[in-house]
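Subject: Handover of a structure and notes on its contents

Dear colleague,

Please find below the sequence and the structure that I am handing over to you. My notes on what was found follow directly after them.

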Amino acid sequence: MHSINEPISSAYHTKIQSNDTNIHVLFTKEGENFSMPSAGSTPITGSTSTTDGTLVSKRRKLTSVVWNDFDKIIEDGQDYAICKHCKGKLKADSKNGTKHLHVHIDRCMKRRNVDIRQQLLAVERKGHGKVQIGGFTFDQEMSREKLARAIILHEYPLSIVDHVGFRDFATSLQPLFKMVSRNTIKGDIMKIYEVEKDKMISYLEKLQSRVAITTDMWTSNQKKGYMAITVHYIDESWLLHHHIVRFVYVPPPHTKEVLSDVLMDFLLDWNMDRKVSIVTVDNCSSNDGMINILVEKLCLSDSLLLNGKIFHMRCAAHVLNLIVKEGLDVIEVEIEKIRESVAYWSATPSRMEKFEDAARQLRIPCNKKLSLDCKTQWNSTYLMLSIAITYKDVFPRLKQREKYYMVVPTEEEWNMAKEICGRLKLFYNITELFSGRNYPTANTFFIKVCEIKEALYDWLICSNDVVKTMASSMLQKFDKYWSGCHIVMAIAAIFDPRYKIKILEFYFPLMYGSEASNEIEKSVECVMSCFRVSIKLNYDEQDPLSKFDLFVHSTIGESHTKSELDYYLEESILPRNSNFDVLSWWKTNGIKYPTLQMIVRDIYAIPISTVASESAFSMGGRVVSKHRSRLHPDTLEALMCAQSWLWKEKEGNRFT
């Protein structure tokens, strides 16, 4: 090794390493200069170079982040900073600081166009605290699709792409993203809809079970009518699903012919005419006529369950709504004073404050605020009464202080309110069950409907004449609709291994009296008919023994051979368990009863209600949101249907 002052006799290479940067230097003979790195090389961090190529002693380390974008050089004894992007030259004396360098970087146009792949890292969270970091490449098309999906999922208006605040927000996240116009994002939404629609049609065509259908009419603020068509089915994993498949504009008048044409077009376009099991609709004469027309057309294909006897299912939530409204109309006078009192004390904030002060003086907890009911929503009447009852002692106390408060309910009226609340609680709970977002399988409905009938019979023998009158009116409405849906509910109950025929033997004497045995036989015969139809539908011409299967089932009544249904009914019923999953049981035990398993899969997919919980208690219809009402019907349908499909994807219930 030579000393610094020792002359170098011959040329040789050596390497200087500083901050992970290797610089190869060629030393020459004594007196000759050494060669520097090429022009594209980065100088040694913390060192400076001169324009004549000489290397000076190492200075203080450059710590500011701004030096990631600058090279520091010495020219004619002066320190300069050279921008790596635009090659601009700025003074870099220590006394000048780095503020002016930061300003330059913020304004440097060349820096804005740097390849983003060199600047960003994609962070992917793997769970359990693990994070994976990799390269990221900006994709304009992918970002547009994500924006379109967000608009679909969250019902954002299409005009959001024109909002200045949203545009600024998007630019702050990704300056390279080019915001699209309203028409462009609408086109992106339609592309997503068409792709998802093709997937849905293909999936339903391959489905090995029947599908049930619900229809519901929606209204826009422009008074346009739309029919929402939803399919319900149980998939190969025995999970219950439902998807909105059409949200179609229905031109007026909404006659039975018009409605039937819309629904029939859907069945044919989606190749569903031979797979539909039942249609659940609201209770109105036009829907009744629509169902009759559909049955006439579909019977030609000989594919309906029980020849169309159970094709029509009336919405149970709407039936209960009608029954309760019938009863509330009878007691309208008895609860009017309570309604007026609640209206008075909930009218202004100051009155509400006085009311709460009076309640505290009586040591009554103010856990719930008074709530005035809406006459088109019977559950609001129930909630109004149940809350007001807890404050019944507050109202007469306030009468002593408030001279303008004139109407105070009497003790008899409060007792009547207690009677009504106690009896409506059953209807309230059952309606929430019928119309829940994740609705239960059909086997649970039969028992709940029987509970209602039993309760109404108990009301008839009540000592209160008003309650008797109310029960009589509600029973008439109940009997009007019960006959149209009890067969499906009874079949579903029979296929619950905890109940079987025993549940009919327990409840039907209450429902039908002396006719109970005949009604039980009718229900069992319906199950047998479904069984025979399923055997025929499973006939495979490629299987040489399929004819043998048909022969065996056709001679069951003539010999002592037992069918799957006989074996199933002869088995002991299972102990009742609130956590029992009937679908899981049939998935596991269906290997013993393959034909019954197919029937159960069709029956348990049938929905009893057409409405969601928020509208189940209302006498009004569903309303399309304000900003979507102005859209073209095709765009509106794409948004409504795609929203249903994409949310299923997010929830992990994606059709494939």
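Which residues does Phe446 touch, not counting residues up to four places away in sequence? They are Trp482, Met489, Ala490, Ala493, Ile503, Leu504, Tyr507 and Phe508. Please bear in mind throughout that this is a predicted model.

Nonpolar cores

Phe446 belongs to the largest nonpolar core, which has 102 residues, and is listed with Phe427, Phe495 and Trp586 as having the most contacts inside that core. Helix 13 (residues 411-434) gives the most to this core, contributing 10 residues. There is also a second, separate core of 43 residues, with Leu207, Val250, Phe266 and Cys641 among them. As a general background, nonpolar side chains tend to be buried together in soluble globular proteins.

Aromatic pairs

The structure holds 26 aromatic pairs. One of them is formed by Tyr226 and Phe247, which are stacked with 5.4 Å from centre to centre and 20° between the planes. Tyr226 lies in strand 10 (residues 225-234) and Phe247 in strand 11 (residues 240-250), so this pair ties together parts that are 21 residues apart in sequence. Both Tyr226 and Phe247 are buried.

Tyr344 and Tyr405 form another stacked pair, at 5.5 Å centre to centre and with 25° between the planes. Because Tyr344 lies in helix 9 (residues 336-345) and Tyr405 in the loop between helix 12 (394-399) and helix 13, the pair ties together parts that are 61 residues apart in sequence. Tyr344 and Tyr405 are both buried. They also belong to one aromatic cluster, together with Trp345, Phe355, Tyr391, Phe395 and Trp414.

Helix 3

Does the length of helix 3 (residues 140-154) agree or disagree with what its residue count leads one to expect? It agrees: at 1.5 Å a residue, its 15 residues should span 21 Å, and the end C-alpha atoms are 21 Å apart. The expected span is 1.5 Å times one less than the number of residues.

At the start of this helix, a side-chain oxygen of Asp139 reaches to within 3.0 Å of the backbone nitrogen of Glu141. Just after the helix, Glu155 takes a positive phi of about 60°.

The buried residues of helix 3 are Arg144, Leu147, Ala148, Arg149, Ile151, Ile152 and Leu153. What covers them includes helix 4 (164-173), helix 5 (182-206), helix 23 (626-629) and helix 24 (633-650). Arg144 has a relative accessible area of 16%, and it counts as buried because the cut-off is under 20%. Leaving aside neighbours within four places in sequence, Arg144 is in contact with Phe177, Val180, Thr184, Ile185 and Asp188.

Strand 5 (residues 78-83) is mostly covered, with 5 of its 6 residues buried. Strand 5 pairs with strand 4 (residues 70-75) in the antiparallel sense over 6 bridges, and Cys83 in strand 5 is the bridge partner of Phe70. These two strands form a hairpin with 2 residues between them, and Asp76 in the turn has a positive phi of about 55°.

Strand 5 also runs antiparallel to strand 6 (residues 89-91), to which it is joined by 3 bridges. Here the bridge partner of Ile82 is Lys89, in strand 6. Strand 5 and strand 6 form a hairpin as well, with 5 residues between them; Lys87 in that turn has a positive phi of about 65°.

With kind regards

Notes
Residues numbered from 1 in each chain as written. Predicted model: local features only at pLDDT ≥ 70, side-chain atom pairs only at ≥ 80, totals over all residues. Heavy atoms only, no water. Helix = DSSP H or I, 4+ residues; strand = E, 2+ residues; numbered from the N terminus. Buried < 20%, exposed > 50% of the residue type's maximum accessible area, 1.4 Å probe, protein only. Contact = heavy atoms within 4.5 Å. Polar contact = N/O pair within 3.5 Å; in protein donor to acceptor, adjacent residues only side chain to side chain. Pairing = 2+ DSSP bridges. Core = buried A, V, L, I, M, F, W, Y, C linked by side-chain atoms within 4.5 Å. Phe/Tyr/Trp six-rings, centres within 6.5 Å; stacked < 30°, edge-to-face > 60°.
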